[in-house]
Amino acid sequence: MCGRYAVSRRPEDLVGIFGVQKWEPAETLAPDWNVAPTKGVHAILEHPLKDAEDPRPVRQLRTLKWGLVPSWANSPEGAARMINARSETVHERPSFRRAFASRRCVLPADGYYEWVTGEAERELEERGRRKRARKQPYFVTPVDGSVFAMAGLYEFWRDRTLPDDHPSAWWVTCAILTTEAERAPLGVAPADGPRSLADIHPRMPLMLTPDRWDAWLDPAHTDPAALRALLEPPPEGLMRAYAVGTAVSNVRNNGPELLTEWEGPEEATLF
């Protein structure tokens, strides 16, 4: 799954990396090292511009709300639970299949956080020695420092309680696709810790390599079989993972220090 991630790149950098044609500086978000559900997030998508004479889609950098609200929903309640979509079934699920067909996006990140309960901690928990096992957070990021481009879906939802000209009449929300975590060795693994992404969590965000960006973002690309072929996991060995401090577990904490590699006793006790 993906429940927290980090984005430090400036919008100007994302415009260049993804070949964005339209970007409103007024929508700029500050770097966020603790992105949590329901927050505003940067997304790259292709959609016709509002009120434009040209109906062709334009690649845009937009600010969306993380937590997808289906277009047919009666209310936005439950959006915080719709942050992830399983890539294996996304084409079948009523909440996601319409977006999968034509409203796909890329959510750029530095990497994502995941929490691990070590074997010793789990054994104590199972024997009733602890009411709640302590979990060690890890940060997962590309080995080469490139952008972590997460496959996403977006939707438009109309709040019928507001007039058409109200700035909040339309919501644009998104979800991150997930896939089975890699079982192959990490590109760079901690000296003491998980040896693969599957050791951290059985699921991971689906990272799209640059050769898939254009096809994924193109709303005219609607063939189900071809789209599902884009959901293959990326090549193995592209990622590294390292322990970080538990400050990231509190969503109110934010700053580049959250990405500092943790070398204290927490890491050593979990594996």
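**Figure 1. Accessible surface and overall make-up of the protein chain.** The accessible surface of the protein chain comes to about 13600 Å², and 50% of this surface belongs to carbon and sulfur atoms; accessible areas come from the Shrake-Rupley method with a 1.4 Å probe, and for residues only the protein chains shown count as cover. The model is predicted: local features need pLDDT of at least 70 and side-chain atom pairs count only at pLDDT 80 or more, while totals for chains, interfaces and linings use all residues. Residues are numbered from 1 along each chain as its sequence is written, and side-chain values use heavy atoms, with hydrogens and water left out. The protein chain contains seven helices and 13 strands; these are DSSP runs numbered from the N terminus, helices being H or I with at least four residues and strands E with at least two. Of the 271 residues, 48% count as buried, where buried means under 20% relative accessible area, exposed over 50%, and partly exposed in between (1.4 Å probe, protein chains only). Among contacts with a separation of 6 or more, 72% join residues 24 or more positions apart, contact meaning heavy atoms within 4.5 Å.

**Figure 2. Aromatic pairs in the structure.** The structure holds nine aromatic pairs. Rings of Phe, Tyr and Trp (its six-membered ring) pair if their centres lie within 6.5 Å; planes under 30 degrees apart count as stacked, over 60 as edge-to-face and the rest as tilted. The pair of Y112 and F148 is tilted, because the ring centres are 5.7 Å apart and the planes stand at 55°. This pair links distant parts of the chain, as Y112 belongs to strand 8 (residues 111-116) and F148 to strand 10 (residues 148-158), 36 residues apart. Both Y112 and F148 are buried. The rings of Y154 and F156 have centres 5.8 Å apart and planes at 80°, so this pair is edge-to-face. Y154 is buried, with a relative accessible area of 1%, whereas F156 is partly exposed, at 23%.

**Figure 3. An aromatic cluster and a charge over a ring.** One aromatic cluster is formed by Y113, W115, F139 and Y242. R104 lies over the face of W216, at 5.6 Å from the ring centre. A charge sits over a ring if NZ of Lys or CZ of Arg is within 6 Å of the ring centre and within 35 degrees of the ring normal.

**Figure 4. Nonpolar cores and the surroundings of Y112.** A nonpolar core is a set of buried Ala, Val, Leu, Ile, Met, Phe, Trp, Tyr and Cys residues joined through side-chain atoms within 4.5 Å. The largest core has 33 residues, and those with the most contacts inside it are Y5, W66, L107, Y112, M150 and L197. Leaving aside neighbours within four places in sequence, Y112 is in contact with residues including C2, Y5, Y138, F148, L197 and P205. A second, separate core of 27 residues includes L14, M82, A99 and A175.

**Figure 5. The buried side of helix 1.** In helix 1 (residues 11-18), the buried residues are P11, L14 and F18. They cover an arc of only 55° around the axis, which puts them on the same side of helix 1; the arc is that of the directions from the helix axis to the C-beta atoms. The buried residues of helix 1 pack against several elements, among them strand 4 (40-47), strand 5 (58-66), strand 7 (104-109) and helix 5 (213-217). G19, which follows helix 1, has a positive phi, near 65°.

**Figure 6. T38 and its positive phi.** T38 lies in the loop between strand 3 (32-35) and strand 4. Its phi is near 80°, a positive value in a residue other than glycine. Most residues other than glycine have a negative phi. T38 is partly exposed, with a relative accessible area of 39%.

**Figure 7. A109 in strand 7.** A109 lies in strand 7 and is buried, with a relative accessible area of 1%. A109 and Y5 are 104 residues apart in sequence and 6.8 Å apart in space, C-alpha to C-alpha. Leaving aside neighbours within four places in sequence, A109 is in contact with Y5, A6, V7, R9, V147, F148 and M150.

**Figure 8. G255 and E263 in one loop.** G255 is found in the loop between strand 13 and helix 7, and E263 lies in the loop between strand 13 (239-243) and helix 7 (265-268). G255 is buried, with a relative accessible area of 6%, whereas E263 is exposed, at 69%. The C-alpha atoms of G255 and W33, 222 residues apart along the chain, are separated by 5.6 Å. E263 and V244 are 19 residues apart in sequence and 8.1 Å apart in space, C-alpha to C-alpha.
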